[in-house]
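The exercises below are to be worked with the sequence and the structure at hand. Each task is followed by a solution in steps.

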Amino acid sequence: MADQMQPSLYDLPQSPPNFDKVGTFYIAFCATWTFLLMLGVVFLIVNRNNPILKIRGLALSLTSILFLHLYWILAQITYPIGMTLPVIAAYDVQYFFMGIWFPLGIALFHASNTRFLYIAKRQKKYASSANLQRKKPGCNGADTSWLCKLRNLDYPTRILIYIGLGIIVQILLTVAMWLMCCKYHPTFGVKGTELPSGTIAQQMIELSRGWEWWPSALWQAIWTWVIAPIMIWKAWGIHDTLGWRFQTISCCIANLHATPMWLIAMYVPAFTKINVYFAPSEWIHLSVMFFEIFTVFVPCWLVVRHYRLRKRTADSDAKWETASQSTLRKSSIVEWKTASYIEKGLTIDYLDREMGDRLFTMKALDHVLSENPGPLQEFSALRDFSGENIAFLTNVASWKSSWPGGATEDQIRDAFTRALVIYTSFISPRDAEFPINIPSKYLKQLEAIFERPARIVCGEARVDPATPFSTALPSSSSDSDEDVDRDWIELGEVAGRIQYFGDVSEEFDFGVFDRAQAHIKYLVLTNTWPKFVTEIQQQRRSGGKERSGNTDKSAATIASRISNAIRSVL
């Protein structure tokens, strides 16, 4: 008789909202944090064309943040209004969010993080040379298998396809396990999966435990303790100026505690009192807050800092451009004197205090681009992930220097072919892997001249976006991908292997790239160049201090090393 009177969780009535001090805090905190997050998201969207944000691919990262934040909101309102729903319905919502919604958000988030590794790897091709790279020819996705078509898709599209396939499997698995588990629906399911008899509190604990939760736990453990450490290891040696490495590593570290603490809170009796006010899933949502800090708020701060740096550079350039020619002539010896006879080509002394802010000018940038662009090219590729800009500028300069005087029709056609190589390698959104960032009106003007010839030469299929003019060369079985990646060829050599024989636009002339060149040069001046100058100054000053302090093995040296290590992480 006692067993028949045992209360059942299925008959538990709904409770009113719990707006005590804790419940009020959860509501207020949820509303405030959501408001601040939305402000940050709007700020990023408005400034999406900023180089710091454009390279990140905001669509993927912000979509993942919004997915995760919706689940975070659900967790914050669980304490004050969770019991206003039927108990089984509330746990159904939690189960499906944990099994489907949260995995999708985490998958999208880590996909946006892997973009960092992909961009860093692909930008390495610009580090050693500004010339075009010969790679193994890709397969023609228009004529071959679906696998080949998949390989030819751009990186974000492939990632979304993989995530879509994975989430379909996850949905099928989650729904199937819910259908089999009788505790959520006592009228059907696999026998032996019912709620055990006991008190209401014991039954509620059992609802959040069981074999149906373990696939989600295993999935989280793989992302947290397998994928994340691998990403940290791969990202550790990448030192970018965009804060992307710091963001990726910080998010991976911030998530390490989530799954272990969730399991501990679920199964360790000592956490029972804590779980009343701080649900076990809150340990997971704590990491979601760190994701939002490093993915939204930190980039906002970086954008503000970048605008300040751009303003300083633009003001410096305007200041020295308006100076009188006599003043410039008097300071010319100071302005361009040699830093070291050993460092050939680097004719600017970055440490000279008399130089002042003259280094942050267009003339200084032009000087380096013409004399020795190699260090700037390497910095832009490995640190700023904008190697295509310097490569475009140097290739356009090389193209202009080879422009024939009193050109014949054949020479003009050859110059057009070389220009077509530049267009498909650096400008065309269809063919270039990293298209340079130019205004749409400039792009339309160039497309009117080059797009039709580009389709004639390259075809409609995007065979090899990095090198659309690459040709199949004989190679031995011992050739490795690393050997191919180190094989560079000159622009003229690429143009010498192909020749465009179609109609040449009447608008094609020596100045066809002038507007794009001026825009990219100013972009480099206000973005990459000041970072490059500042870093060289810091490195040389640091090196000078180390050389002068070799005899002083004091605690200051240790502090300096620790400071340098922290700076390398940040």
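**Exercise 1.** Where is the place of Phe 385? Describe its backbone and its burial as well.

Solution. The model is a predicted one. Step one: Phe 385 sits in the loop between helix H17 (374-382) and helix H18 (387-401). Step two: the phi angle of Phe 385 is near 55°, a positive value in a residue other than glycine. Step three: the relative accessibility of Phe 385 is 3%, so the residue counts as buried.

**Exercise 2.** Determine how many disulfides the model has, and examine Cys 251.

Solution. Step one: a disulfide needs two cysteine sulfur atoms within 2.5 Å. Step two: for the sulfur of Cys 251, the closest cysteine sulfur is that of Cys 252, at 7.0 Å, which is too far for a bond. Step three: the count for the model is zero disulfides. As to burial, Cys 251 has a relative accessibility of 2% and counts as buried; Cys 30 is buried too, at 8%.

**Exercise 3.** Which residues of helix H11 (residues 258-267) are buried, and what do they pack against?

Solution. Step one: the buried residues in H11 are Ala 258, Thr 259, Met 261, Trp 262, Ala 265 and Met 266. Step two: these residues span an arc of only 165° around the axis, so they lie on the same side of H11. Step three: their packing partners are helix H5 (87-123), helix H9 (214-235), helix H12 (272-277) and helix H13 (282-321).

**Exercise 4.** Characterise the surroundings of Pro 453.

Solution. Step one: Pro 453 belongs to helix H20 (residues 440-458) and is buried, with a relative accessible area of 4%. Step two: leaving aside residues up to four places away in sequence, Pro 453 touches Phe 416, Leu 420 and Tyr 500. Step three: Tyr 500 is 47 residues from Pro 453 in sequence, yet the C-alpha to C-alpha separation is 7.6 Å.

**Exercise 5.** How many salt bridges are there? Compare the pairs of Lys 400 and Arg 418.

Solution. Step one: the count is twelve salt bridges. Step two: Lys 400 pairs with Asp 514, with the closest N and O atoms 2.4 Å apart. Lys 400 is in helix H18 and Asp 514 in helix H23 (residues 514-526), so this pair ties together parts 114 residues apart in sequence. Step three: Arg 418 pairs with Asp 414 at 3.4 Å between the closest N and O atoms. These two residues are four apart in helix H19 (residues 409-427), which means a separation of about one helical turn.

Key. Residues are numbered from 1 along each chain as its sequence is written. This is a predicted model: local features need pLDDT of at least 70, side-chain atom pairs count only at pLDDT 80 or more; totals for chains, interfaces and linings use all residues. Side-chain values use heavy atoms; hydrogens and water are left out. Buried means under 20% relative accessible area, exposed over 50%, partly exposed in between (1.4 Å probe, protein chains only). The arc is that of the directions from the helix axis to the C-beta atoms. Contact means heavy atoms within 4.5 Å. A salt bridge is a side-chain nitrogen of Lys or Arg within 4 Å of a carboxyl oxygen of Asp or Glu.
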